[in-house]
Amino acid sequence: MENQQDNAAIEAFKEVLQLDPGYLGAEANIGLALSNLDKHDQALEYFRNAYEKFPNNATILVSFGNSLIRNNKPHLAIELVGSYLKAHPYNVTACSFMAHALNEIDDEHLVAELHDFDSFLFKTNAAYSSAIKNADAFNKQCAKYVLKHPSLVNATTSVTTIKGQQTSELGTDPGSPIRELKKFIEEAFTEYAQLNLDGSRFPWAGCSFSDFSLNIWGCALDRGGHQDPHIHPNAWVSGVFYPQLPDIIGQNPHDNAGYIEFGRTEKRYFQSNEPRTRLIKPELGMLILFPSYFSHATIPFDSNQKRISIAFDLCPIG
Ligand SMILES: [Fe+2]
């Protein structure tokens, strides 16, 4: 069945190309269908053509790079993405893919520069925030606000959220704790932006919170729920806040259930090497900031208590 769909897609997009040779994504979609059919050498040529037509498109870039790796040409993938990053220095999709490509050639040193977890992961807690008077009460208020939010729906259309619900944008309507949470995020970001870190990977160094727009949404995971590895391609800095967690998190030192993990490769990429990752045990009231190109995932947990998080993106204005 899948083969039939891929073959049908190839024929359909070939017809599209005859009608409109400049149609965005036609060649790349043919490349994806050919990859699904394990015709990787043919797929590579379609991705190459797609990238020649749309050299600024990061999604096509990484599809082409992924196909190069699949065809045993990881060094060419690194060269390709390296030259793209010279023109687009902090493209989140390209930075994330670069870390993956470098891992495929076992360049531990350069992977560690991009995935510098020690320096670039920033943790704090609502208990330390001057914006929050009572952290325990605040956490409960935030959890309740997410669970009662009218936009909370099963994340059936999400590619990465499994067995959970997600809200749309959370507001600062009267009674909402999100106003305080935004102040807490501002405090944390201000401290984060003052860290003395490499500017090419940390372009928000010295920026102020008002240089960014803030998008913020809630996520509630049920038993077995988790998020597959993903990035936030439209932001520079992303983060997560934990207002409610199942009691079992951290109880068994061997299973890492409910932890957040950074550095695992997105499922869409061909991978032959195990990546270098970092696990963090979430704690009530904890807030984590990280570069949006750090792919991140959560580990499934076994509990009837919900794991509630509030995620956010800081997107540069202008
Ligand atoms: Fe995320």
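Visitor: In what order do the strands of the open sheet of three strands lie?
Guide: This is a predicted model, and in it strand 7 (278-280) and strand 9 (296-298) are the edge strands of that sheet, each pairing on one side only. Neighbouring strands are turned against each other by 25 degrees on average, direction ignored. The pairing in this open sheet is antiparallel, and the order is 7-6-9.

Visitor: Which residue is the bridge partner of E261 in strand 9?
Guide: Strand 6 (residues 260-262) runs antiparallel to strand 9, and three bridges join them. Within strand 9, the residue that partners E261 is A297.

Visitor: What is the order of the seven strands in the other open sheet?
Guide: Strands of a sheet pair through backbone hydrogen bonds, either parallel or antiparallel. In the open sheet of seven strands the pairing is antiparallel, and the order reads 1-8-5-10-4-3-2.

Visitor: How many bridges pair strand 4 with strand 10?
Guide: Strand 4 is joined on one hand to strand 3, antiparallel to it, by six bridges, with W217 in strand 4 as the bridge partner of E169. Towards strand 10, L214 stands opposite L314. Strand 4 and strand 10 also pair in the antiparallel sense, and the number of bridges is ten.

Visitor: Which residue in strand 10 is the bridge partner of V237?
Guide: Strand 5 (residues 237-244) pairs with strand 8 (residues 286-291) in the antiparallel sense over five bridges, and there V237 stands opposite P291. Strand 5 is also joined to strand 10, again antiparallel, by six bridges. In strand 10, the partner of V237 is L314.

Visitor: At about what angle does helix 10 run to strand 8?
Guide: Helix 10 (residues 178-193) lies across strand 1, strand 4, strand 5, strand 8 and strand 10. Its direction relative to strand 8 makes an angle of about 50 degrees.

Visitor: Are helix 5 and helix 6 roughly parallel or roughly antiparallel to each other?
Guide: The axes of helix 5 (residues 74-87) and helix 6 (residues 92-104) come within 9 Å and cross at roughly 155 degrees, and this crossing is left-handed. Angles over 145 degrees count as roughly antiparallel. The relation of helix 5 to helix 6 is therefore roughly antiparallel.

Visitor: How many nonpolar residues does the contact of helix 5 with helix 6 have?
Guide: Helix 5 brings P74, A77, I78, V81, Y84 and L85 to this contact, and these meet A94, F97, M98, A101, L102 and E104 in helix 6. By class, the contact has no polar residues and one charged residue, while the number of nonpolar ones is eleven.

Visitor: How many polar residues are there in the contact of helix 2 with helix 4?
Guide: The axes of helix 2 (residues 26-36) and helix 4 (residues 58-70) come within 11 Å and cross at roughly 30 degrees, so the two helices are roughly parallel, and their crossing is left-handed. A28, G31, L32 and S35 of helix 2 make the contact with I60, S63, S67 and R70 of helix 4. These residues divide into three nonpolar and one charged, with the polar ones numbering four.

Visitor: Which element gives the largest share of the side of domain 1 that touches domain 2?
Guide: The chain is divided into domain 1 (2-114) and domain 2 (117-316), whose C-alpha centres lie 29 Å apart. The contact takes 15 residues from domain 1 and 17 residues from domain 2. On the side of domain 1, the elements that give two or more residues are helix 4, helix 6 and helix 7 (108-114). The largest share, seven residues, comes from helix 6.

How values were computed:
Residues are numbered from 1 along each chain as its sequence is written. This is a predicted model: local features need pLDDT of at least 70, side-chain atom pairs count only at pLDDT 80 or more; totals for chains, interfaces and linings use all residues. Two strands pair if DSSP finds at least two bridges between them. Helices (H or I, at least four residues) and strands (E, at least two) are DSSP runs, numbered from the N terminus. Two residues are in contact if their C-beta atoms, placed from the backbone, lie within 7 Å. Axes are lines fitted to C-alpha atoms, for helices over the stretch in contact, and angles run from 0 to 180 degrees between N-to-C directions. Angles under 35 degrees count as roughly parallel, over 145 as roughly antiparallel, 65 to 115 as roughly perpendicular and the rest as oblique. A crossing is left-handed if the near helix is turned anticlockwise from the far one by less than a right angle, and right-handed if clockwise. Ala, Val, Leu, Ile, Met, Phe, Trp, Tyr, Cys and Pro count as nonpolar, Asp, Glu, Lys and Arg as charged, and the others, Gly among them, as polar. Domain bounds come from an automatic or database domain assignment.
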